[in-house]
Amino acid sequence: MNSAVLEEVRSPMNKAIHMPLSDENTPTNPATDIVSVRGITKYYGEDVHALENVNLDFPTGQMTTLLGPSGCGKTTLLKIIAGLLETTSGEVLVKGKAVTSPGPERAFVFQDFALLPWATVTRNVAFGLELTGVPLKQREETAKSYIDKVGLSGFEDKYPHELSGGMRQRVGLARALAVDADVLLMDEPFSAVDEQNRRKFQEDLLRLLSVEKKTVIFVTHSIEEAVYVSDQIVLLSPRPGRIHSIIRPELDRSSSPDDIRRDKVYLDTVEEIWGNIREYLD
Amino acid sequence: MKIAGTEIPPVFSLLIWIGLWEIAGRMDLAFILPPFSSVIGELTTLIARHDFLAAAWQTFQAFAIGMFFAITGGIALGFIMGTSKTANSILGMWVNIFASAPLSSVVPVLMLLFGLGQLTVVVIVVLFSIWIIALDTYAGVSHTSNSLKEMGRSFGANQRQLLVKILFWAALPEILAGVRLGLIRAVKGIVIGQLLLSVVALGRMFRTFSDNFQFEEFWALTLILFVFALLFSTLIGRLESKVEYYAGTRD
């Protein structure tokens, strides 16, 4: 490859856009950012310093991925946003209000699915509604419609142990969608799903989210996955987790999944992020 | 078991032992061992006797009442230990000690405390079975996957819902295993208790039969108790098999 071609490949036109890091003094804008975290620091006990002064904004209706090497605190940050973990200092704002516990505007999708093994697909999907006291008939109707949307029609009366990993996570996704929360928090949702199903699931997820208009905060350790699904990628440094950089891959979402995966911007962004993460692994 | 390529049903081994018992009995090897057939003959007359039925009913009552308290108390204790670290550090050691202690030795003390009647038998049933139920419930509750609990919380479950809709069901396989073991221990407890008391219900019959060398009656009574214990444990086993599919799948 001659230098001219190389130059073209690396030209700014094809580069993902880097955002300036927000600092503590940046005011949040609840109109555009549905979730903001301000000065989040987290210690486990006295020794483990998981996160250090993390400031982030999550734009409404967009998919933000938290990406980083193992132990960078990305799941910790997600669980803090979910209200499942307490911060050592700092605060989480949802629609401009500080929150410290789970709430109906946030729904969680778990890495290990966290389905009730003794309940059918329908009851699992309706479980969030069951907890808030929605009448049986109504919640089963809602569950049914989301079971259809995630492509599990015909499996309503099956139990989790009768489903494959990919299908179980579809149940987990349907459960999170069924409560109609504005924000979906997804903790490595595809890591227990095999590679072929994973790709199919990613495509289905993007299609579904374009209809459902959710804000998604997504944790993954897969660079390809992050670039493929995200509007905004937050790269975290190893423990204690700090924001290394924020990358916005400007991909043409209207093209086919295969074209996106062959797109130069896609490939360049993957390489660039890999370059950044490799520093930490050396 | 397979012999010469043919599947032999498990009940066959029981038949062999019964056959051996019959032969040994007929050979008059020991006066305490009458032939199986005459034990069965005595069993049918025994079942029809009024004093037997009254004694059996009294025993069953003590058993049922005792098990009720053991199951409710044991499950409650297990839940308290499983959900509170403080409670577990205070109670855990004692429950473990009681679960493995030879409780038969405290029966005489219980007789002094609660008298020579039905109450003592009930207390014995509770003491024999409650600890293992508590320990198994504790194991079930404390091994409930963390993400299942987080899932409940993230979807807005309150403490009661977390307990009733998640923890209880997640721990159910272990709870049932505990109840089954508790039942078996309770049967042991009731026999030991009544034998030591030997003035109530079946215990008195046992004592009378063995004192008078009525070994047909003695063995018939023993068989009845065996069958009862087996029946109860099979029933619980059936329930267990219904939740077995998720017993081993949690992390």
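Student: Which residues of helix 2 of chain B are buried?
Tutor: The buried residues there are B:F36, B:V39, B:E42 and B:L46. A residue counts as buried if 20 or more other C-beta atoms, placed from the backbone, lie within 10 Å of its own, as exposed if 12 or fewer do, and as partly exposed in between. The model is predicted: local features need pLDDT of at least 70, side-chain atom pairs count only at pLDDT 80 or more, and totals for chains, interfaces and linings use all residues. Residues are numbered from 1 along each chain as its sequence is written, with chains lettered from A and ligands numbered from 1 in the order in which they are written.

Student: Why do the buried residues of helix 2 of chain B line one face?
Tutor: Viewed down the helix axis, the buried residues of helix 2 of chain B fall within an arc of 115 degrees, so they line one face. The arc is that of the directions from the helix axis to the C-beta atoms. In general, an α-helix has 3.6 residues a turn, so residues three or four places apart point the same way.

Student: And which exposed residues are on the face turned away?
Tutor: That face of helix 2 of chain B carries B:T44, B:T45 and B:A48.

Student: What covers the buried residues of helix 2?
Tutor: In chain B, the cover includes helix 1 (11-26), helix 3 (50-83) and helix 10 (215-243). Helices (H or I, at least four residues) and strands (E, at least two) are DSSP runs, numbered from the N terminus.

Student: Changing topic, how many residues are in the largest nonpolar core?
Tutor: The largest nonpolar core has 116 residues, of which A:I81, A:A174, A:L185, A:I217 and B:V125 touch the most other members. Such a core is a set of buried Ala, Val, Leu, Ile, Met, Phe, Trp, Tyr and Cys residues joined through C-beta atoms within 7 Å. Helix 6 (residues 118-142) of chain B gives the most to this core, with 16 residues. Apart from it lies another core of 15 residues, among them B:V39, B:A55, B:F215 and B:W219.

Student: How many helices and strands does chain B have?
Tutor: Chain B has 10 helices and 2 strands. Of its 251 residues, 35% count as buried.

Methods:
Contact = placed C-beta atoms within 7 Å.
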